[in-house]
Amino acid sequence: MEQNLLQECIHCGLCLSSCPTYLVLGKEADSPRGRLALMKAIEDDQLQGDNTGAFAHLDICLGCLACQTSCPSGVQYGHLLEATRGYQYVNDRQLFGLQKPLLKIIASPTYLRWLSRLARALQLIRLDRLLIRLPILPRPVRSQLAGLPKIPPQPFTRTAPSDFPSAAPDGQRRGRVALFTGCVMDHWYGTVHAATVRVLRWNGYDVVLPVDNHCCGALHSHAGDHDTADVLLKNSAKVFDQIEADAIIINSAGCGYQLAEKQWHCATGAPVIDICVWMAANLHHPPQTRLGQRITYDAPCHLFHGQGITREPLQLLDAACQNMLPAPEAEVCCGSAGIYSITQGHMSQQILDRKIDNIMSVEPRMLATANPGCHLQLQAGLRLRGANVDVRHVVEVLDLAYQQDDSYRRTFGIV
Amino acid sequence: MALPAGLSRKLGKLLGPQWVDKDPADLLVYQSDGLTLHAATPDVVVYPETTEQCARIIKTCASYGAPFVARGAGTGLSGGAISDGGVIIQLSRMNRVLQIDHRNRFAIVQPGVVNNYLNLQVRPFGLEFAPDPSSQAACTIGGNVAENAGGPHTLKYGVTSNHILGQTVVFPDGSIEQLGGTFPLAAGPDFSAFLVGTEGTIAITTEVIVRLTPLAPSVKTMLATFPTVAGATESVSAILSAGVLPAALELIDNLCIQAVEAHLKAGFPTEAAAILLIELDGEESEIANESAPVEKACRQNGATDFRVAQGEDERQQLWRGRKHAVGSLGKLSPAFYTNDGVVPRSKLTTILSEIYRIGSKHSLRVANVCHAGDGSMHPLVLFDPTTADGAARAMECSEEILLACLEIGGSITGEHGVGVEKRHMMNRMFSARDLEHMARLRTAFNPHDLLNPGKVLPGGATRGEVKAGVSIPGGSWI
Ligand SMILES: Cc1cc2nc3c(=O)[nH]c(=O)nc-3n(C[C@H](O)[C@H](O)[C@H](O)COP(=O)(O)OP(=O)(O)OC[C@H]3O[C@@H](n4cnc5c(N)ncnc54)[C@H](O)[C@@H]3O)c2cc1C
Ligand code: SF4
Ligand code: SF4
């Protein structure tokens, strides 16, 4: 692995209190500094050939990158973690048993559709509601069911036209953008895509949807399955090669991080820009009335720590809401971390509990985030707690603020 | 050193097996604290949650004759929180703020509460816990008490000992005592104060009553740029002689500025030989009166630029640069050794030129950040750890620097403590008689030398010699 990158850690410990697993367990081996020492121990074979103990601590790392934000020495923890996990993957260590099948499902549009149909069937007969309350089911499983959004019959891109004209109230057209529709976002969070498209059009942009855009391989990279990730990245670039657009807009923080980190680009060279960043810079028609509900924001790690996008979501929420309430530890991971919530369910739930305590301390009615994994996890935590708090993507909150305006609703046929 | 059979099983019964670590991977990470040049591996690490559990752990260890050491966040810079064999009592789970009394301005906290976390909790009441070590994002109140930590704002607000009203402690025999109280006027000697700064060698602190200080109504942060280091150091004396007591008065030299700007971009002028970061706080009118003399003192000593931070963002950016200055050095050098000396303020100019001279004699670069107002120095010796004698040369150079501090009437440690690192230099600073008194005092409370053995005092009853340079994880620094 990358020795020199490991050397950059000066062992100061300033990262400790930003690490969610350390906050919950208080163990050095479950802190960033401890994990870096373990990576080095694996590298230097300090553990007499038995690295299982060390891997156990690396497995429960969320990859949330909070340690990167707090590190004064600029240690590239994310890089090192992926490299170590790649090493695990190649060495065919049976990571968590569940991980490989899950990654397969996500990588394939067909499998993901079947999974979605199954979930939808459960929801239609309301079996999910029953299962959520079944104490014999392990909590991580109940949590997944509780967090699922209402699964639509079809992925968003199957039902939507591929080209939307701008629809600004002043009639001015300001440009043309493409939407990175992705996998889980497209299959489960079509409502977020719909809101994204409306908000972009209202602010003067034509929106193009790609054909056959699927997974970017973010979850595969984080798990160390670099070969699959490379294929997925290449495939998703091809999809955009023929599309002329000023920018490719992305509304999933995890995917945005993946594309930035892997220096992904398509033939046209159009930049990939997170919807929050794009809208904060291009809010040509801010909502005329702001929402009155109490709302708080939970920063997705791959937005805040991974891409350093910290202010833009708050600027948009300020434009959309009167009652923004900062909750404590808003930039600490919620425990979702891709498929971690399934593969490391127990730890994930402990981290989620702390998160929900912090959120509920400001008693919000709505919670904004900007990533599908966080969306699901936070909604799950709130539902299991019996809290009536609606989780929304930042761009959905903006859309809701616009919807208070008749002409916006009329333009987009919202009843 | 092998642990007495049965001890870890007993500890497991006490705490639950998941809170007793004894596997090689779990122990390896406790090899060092913030100082990686010293490493030692414990036999067991335990994670108590309450004072009572601490007392029972200690009684159990004592009955087996096993040594034990308290550990907070392990950000210490003198090897204080390491243990060669024996038991580390890791206090990170004792992280609750038990009470905040904003009217009477105190809080009762468990020792594993992180300094910053406490401040976040009390800030809504317009209060703060004043000691602000640069490590405050991670270090614990227990560690601050044990090391008597200071920080940039120590100049005006004093070190940790000025802010501790009382403690609950467990002595090495397992007895629990409450010392001090929630108000400062208790009769008799202040035994709690005596324990502050004893580096965890006399008792383990399990609860702390801290004094809370009202936040200053307004703050102004200034940055003065100097073409010479002497200009900056002379300004320090000039500011203080003008009757101004800044909240903070920090000096950062060119090499540190380069590191910060390479990594963080705090807005420090890269061409400066040194800068002063000056913070005034208090009533607005008071600050207004003090600004002019500060600027005048700097200008008279050759400041080429004098800038006032505009707005909270810029102010935070400057402080981020200062607080991360040491960490940023990782960008200039794969390893460096942080020293911690103190000199009388009037000797700042002399010591800095002496430090640069010693550095060039050893052909090593030395960077400096100082709490200049206090004469508290942090010379950072940059070195190459991959050469055979890199670390040894850096240590030699550092030792010479510290002796130079002693020679002009200073001390070999200001904030970071003695730990294992500076034990061997204690006899340069204290007479044999002084050291004997210290040893007797420690023995009175710690008769079998089971609590944090081998720390602070030279030679003496040391169990398990700490080996220097064993498997250094990552770069190295104090
Ligand atoms: C980047 C950086 C900057 C720093 N800046 C400063 C600074 O500006 N000013 C400063 O003073 N220090 C500074 N330090 C040093 C260090 O952070 C402080 O000494 C801090 O107080 C240590 O706290 P800790 O919780 O990490 O203690 P640890 O390192 O865990 O322990 C330090 C010592 O205290 C003992 N101890 C810990 N908890 C207890 C307890 N509850 N009861 C009894 N003994 C205990 C340990 O046995 C050990 O001997 C800095 C360190 C770093 C890495
Ligand atoms: S990535 Fe997150 S969980 Fe992993 S070590 Fe860093 S802060 Fe901790
Ligand atoms: S803050 Fe950075 S340098 Fe310090 S211990 Fe953590 S990773 Fe290492």
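A residue counts as near a molecule if one of its heavy atoms lies within 4 Å of it. Keep that in mind for the ligands below, and remember that what you're looking at is a predicted model. Around ligand 3 there are 13 residues, and C9(A), C12(A), G13(A), C15(A) and C71(A) come nearest.

**The ligands**

- Ligand 3 takes up the space of the second largest cavity.
- Sorted by class, the shell around ligand 3 holds nine nonpolar residues, three polar ones and one charged one.
- Which residues are around ligand 2? They are C19(A), P20(A), P32(A), R35(A), C61(A), L62(A), G63(A), C64(A), L65(A), A66(A), C67(A) and Y77(A).
- Two elements of chain A, helix 3 (32–43) and helix 5 (66–70), each give two or more residues to that shell.
- By class, the shell around ligand 2 splits into 10 nonpolar residues, one polar and one charged.

**Chain B as a whole**

- Chain B has a radius of gyration of 22 Å, which agrees with the value near 23 Å that a compact globule of 478 residues would have.
- Along the principal axes, the C-alpha atoms of chain B fill a box of roughly 70 × 60 × 40 Å.
- How many of the 478 residues of chain B count as buried? The share is 60%.

**An open sheet in chain B**

- Four strands of chain B make an open sheet with the order 1-3-5-4, and the pairing is mixed.
- Why is one side of strand 1 (20–21) and of strand 4 (68–71) left without a neighbour in the sheet? Both stand at the edges, and each has a single partner strand.
- Strand 1 of chain B pairs with strand 3 (residues 44–46) of chain B in the antiparallel sense, over two bridges.
- To see this pairing residue by residue, look at V20(B): its bridge partner in strand 3 is V46(B).

**A hairpin in chain B**

- Strand 6 (residues 97–101) and strand 7 (residues 106–109) of chain B are paired in the antiparallel sense by four bridges.
- These two strands form a hairpin, with four residues between them.
- D101(B) has F106(B), in strand 7 of chain B, as its bridge partner.
- R105(B), in the turn of the hairpin, has a positive phi of about 55°.

**Other residues with a positive phi**

- Here's the background: most residues other than glycine have a negative phi.
- L65(A) isn't a glycine, yet its phi is positive, at about 70°.
- You'll find L65(A) in the loop between helix 4 (52–59) and helix 5 of chain A.
- Is L65(A) buried or exposed? Its relative accessibility is 3%, and buried means under 20%, so L65(A) counts as buried.
- N452(B) is a residue other than glycine too, and its phi has a positive value near 45°.
- The loop that holds N452(B) runs between helix 16 (432–445) and strand 21 (467–468) of chain B.
- N452(B) is buried, because its relative accessible area of 2% is under the 20% cut-off.

**A buried helix residue**

- I141(B) belongs to helix 5 (residues 141–147) of chain B.
- With a relative accessible area of 0%, I141(B) is buried.
- F191(B) is 50 residues away from I141(B) along the chain, and 18 Å separates their C-alpha atoms.

Definitions and conventions: Residues numbered from 1 in each chain as written. Chains lettered and ligands numbered in written order. Predicted model: local features only at pLDDT ≥ 70, side-chain atom pairs only at ≥ 80, totals over all residues. Heavy atoms only, no water. 1 Å grid on protein atoms, 1.4 Å probe; cavity = no way out; pocket = protein on both sides within 12 Å on 5 of 7 lines; lining within 4 Å. Sits in = over half its atoms within 2 Å of the grid points. Nonpolar A, V, L, I, M, F, W, Y, C, P; charged D, E, K, R; others polar. Pairing = 2+ DSSP bridges. Rg over C-alpha atoms; globule rule 2.2 N^0.38 Å. Buried < 20%, exposed > 50% of the residue type's maximum accessible area, 1.4 Å probe, protein only.
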